[in-house]
Amino acid sequence: MKRLRLERWSGQLLTARSIPARTRPCCLRQQQQAALPPRIRFSSSAAMLSDDLILEDGEELEEESSPSDTKYPSPPLEAAFNSSKLAALHARLNLSPKLPLQTMARTLVDPSADSNADFNNAALSSLGGSIMSYHVSEWLLCTYPRLPMTVLFAASYAYSGPKTLQLVGKEWGVETAAAPGEEVDPGHLQFSKLKPGQALQSQGGSIRPDSKSYYRRGMSSRVVYDDEFGDTVSKQAEHDVPLPTEHAYASFVKAVVGSVYLHSGSAAAKTFVKNHILSRYLQIASLFQFREPVRELSRLCAREGFEYPVARILSETGRRSRHPVYVVGIFSGKDKLGEGAGPSLGEARTRACVHALKAWYLYSPGANVRVPSDMEVAGAQEWEPVHIDMGEVIH
Amino acid sequence: MDARLIRRPVIDLFSGRGQCLISLNASSQRHQSSYRRTKQHLNIKPDSSFLISNESPKQDHIIFNPPSASPSVLHTPFKFLPKEDKRRQLLAATAEKLNPTPSRLPPPVSRKPKMPHHHLSDADIAEIQRLKRDEPEKWNNLKLSRKFNCSSMFISICLSQCGYDDTATRKAEKARLDGIMERWGPRRRMAHEDKLKRMEIALRDE
């Protein structure tokens with residue numbers, strides 16, 4: 001379905017009067033058609049557009065505006081009350097009645113479907129995205145205080161990355177509309193889909209100052225310049241470009257978190273993130289990949305003042321056979337740090353070193369460790385400082 | 001840590017559990033041809049902790065006899081716990097009882113004596129570089145390390161700045177090793193590739 005570019009048709013009119021860009025021209029055209037009942041759209045969390053309408057009073061509109069042009073790119077807000085899908089979704093998520101169905105409908109409209117910022121979920125999703133990434137990262141940092149930066153990025157991507165949020169949105173039972181439009185049920189996720197085989201459009205480059213290809217993109221620069229997953233932030237996201245389904249689902253889930261925050265408060269938003277995002281089971285131990293574990297472990301022991309790690313054979317079988325098995329332990333002084341089994345002494349030692357390093361990095365003060373946002377509750381106990389590690393081993 | 005960013009398929013990461021059925025099916029396989037032999041085969045003597053003896057406690061108690069398994073990475077060793085952690089005191093109280101300190105440690109993997117290091121002076125290093133410059137064919141790294149009683153790694157560090165261009169030697173050595181690998185048959189080649197793959201897997205701990 002081809003979408004109507006209503007903004008472009010009356011562009012000269014708007015520039016002449018220097019009206020703010022958020023004015024919706026299709027609302028202006030309503031006044032000429034006295035026969036049709038007046039349809040004033042207003043968003044639950046956006047200001048009404050009536051002040052903008054007054055500016056256009058007495059202005060002659062061009063003749064080519066016909067009743068068929070009164071199409072909106074997204075369903076009108078009164079349709080939210082008639083949608084069973086939307087009500088079911090609201091009930092299924094056990095949301096507070098303070099969160100109205102209009103807002104719920106607005107979270108499902110992507111900027112690629114409706115470029116008007118008063119009717120799409122861009123603002124809600126950027127608010128919800130920052131709330132979600134805050135709760136995920138504070139939980140990760142307090143629960144696993146020694147995680148290396150790469151693993152921290154990968155873990156937050158696995159918890160709140162677009163692929164996971166797509167899974168979450170599908171588990172909530174949200175389906176996508178075939179194409180956005182006024183006639184779509186507001187319970188569907190509306191965005192303009194990327195065609196199969198079509199290349200992802202570059203989003204106008206990144207905001208990094210060193211965006212040349214020959215610059216190194218190290219971990220420290222990712223912390224400074226890039227987003228919470230260590231990926232580049234695009235310079236300006238264009239609204240009308242079609243986007244992959246996972247990104248549309250991700251912005252929808254983030255927008256739901258943002259609307260819960262706006263209507264029910266920060267405690268409800270935190271509970272929502274805890275229940276839907278942080279409750280998922282992630283094997284953090286499988287996110288590690290080492291390059292030189294033996295050397296890294298010896299550097300770690302030197303840094304922390306432990307004795308030099310020594311690999312010792314705990315048990316072995318079939319040394320002269322085709323398939324020997326060695327069990328090697330890494331000892332620092334008399335304490336065993338790690339243990340690994342392998343078909344050769346070298347591999348068993350490597351596995352034991354990897355095991356010891358993972359045991360170091362995956363130290364956790366406990367699953368129910370307090371996070372900084374727990375202090376926002378009235379009458380919270382005094383804050384005990386969490387463990388802060390000096391950082392990963394550099395070798 | 002590897003400096004690259006790790007991206008695994010999300011589905012794999014979130015589906016870590018649920019291998020119970022497979023192990024149940026595996027244990028219910030029958031290897032004996034008759035009921036009597038099967039029963040005899042499965043009639044294993046129980047562990048001593050399950051048997052009631054005069055030493056066992058008189059009241060109800062918990063028998064802790066876990067099957068042998070590789071230790072979990074989520075059990076932080078006592079040495080790795082930070083100083084302010086509350087488990088330090090608890091573990092220190094029970095450590096002596098649970099795993100008493102062994103009087104003799106197991107044998108180390110490598111019995112090679114360690115090379116002395118930091119014992120060569122600047123004059124020795126200059127001598128190493130002079131020998132290599134004057135007679136590069138005669139003095140290779142191994143011979144130099146034996147003469148100066150240091151590791152060949154240290155020799156290679158010294159010689160990297162001595163002004164001797166070793167690209168030709170490196171190229172010849174690589175050609176020699178490639179020639180040897182060319183003569184390998186399919187078995188040896190596959191064994192070599194498998195070994196490399198196993199080491200990659202060991203670094204990921206899978």
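The C-alpha centres of domain 1 and domain 2 of chain B lie 27 Å apart. Domain 1 of chain B spans 117-164 and domain 2 spans 165-206, with bounds that come from an automatic or database domain assignment. The model is a predicted one, in which local features need pLDDT of at least 70 and side-chain atom pairs count only at pLDDT 80 or more, whereas totals for chains, interfaces and linings use all residues. Residues are numbered from 1 along each chain as its sequence is written, and chains are lettered from A and ligands numbered from 1 in the order in which they are written.

Between the two chains, 34 residues of chain B are in contact with 54 residues of chain A (C-beta atoms, placed from the backbone, within 7 Å). On the side of chain B that touches chain A, the elements giving two or more residues are α1 (10-14) and α9 (186-204) of chain B; helices here are DSSP runs of H or I with at least four residues, numbered from the N terminus. The most is given by α9(B), with five residues. This side of chain B has 22 nonpolar, four polar and eight charged residues, where Ala, Val, Leu, Ile, Met, Phe, Trp, Tyr, Cys and Pro count as nonpolar, Asp, Glu, Lys and Arg as charged, and the others, Gly among them, as polar.

Within chain A, helix α7 (residues 122-143) and helix α8 (residues 149-160) pack at an angle of about 130°, with their axes 10 Å apart. Axes are lines fitted to C-alpha atoms, for helices over the stretch in contact, and angles run from 0 to 180 degrees between N-to-C directions. The angle makes α7(A) oblique to α8(A), a class for angles that are not under 35 degrees (roughly parallel), over 145 (roughly antiparallel) or 65 to 115 (roughly perpendicular). The contact involves M132(A), S133(A), V136(A), S137(A) and L140(A) of α7(A), together with L152(A), A155(A), S156(A), Y159(A) and S160(A) of α8(A).

Two asparagines have positive phi values. In chain A, N94(A) has a phi of about 55° although it is not a glycine; N94(A) lies in the loop between α5 (84-92) and α6 (101-107) of chain A. N94(A) is exposed, with 8 other C-beta atoms within 10 Å (buried, 20 or more such atoms; exposed, 12 or fewer; partly exposed, in between; C-beta atoms placed from the backbone). In chain B, phi of N149(B) is near 55°, and N149(B) is placed in the loop between α6 (141-148) and α7 (152-159) of chain B. N149(B) is also exposed, with 10 other C-beta atoms within 10 Å.
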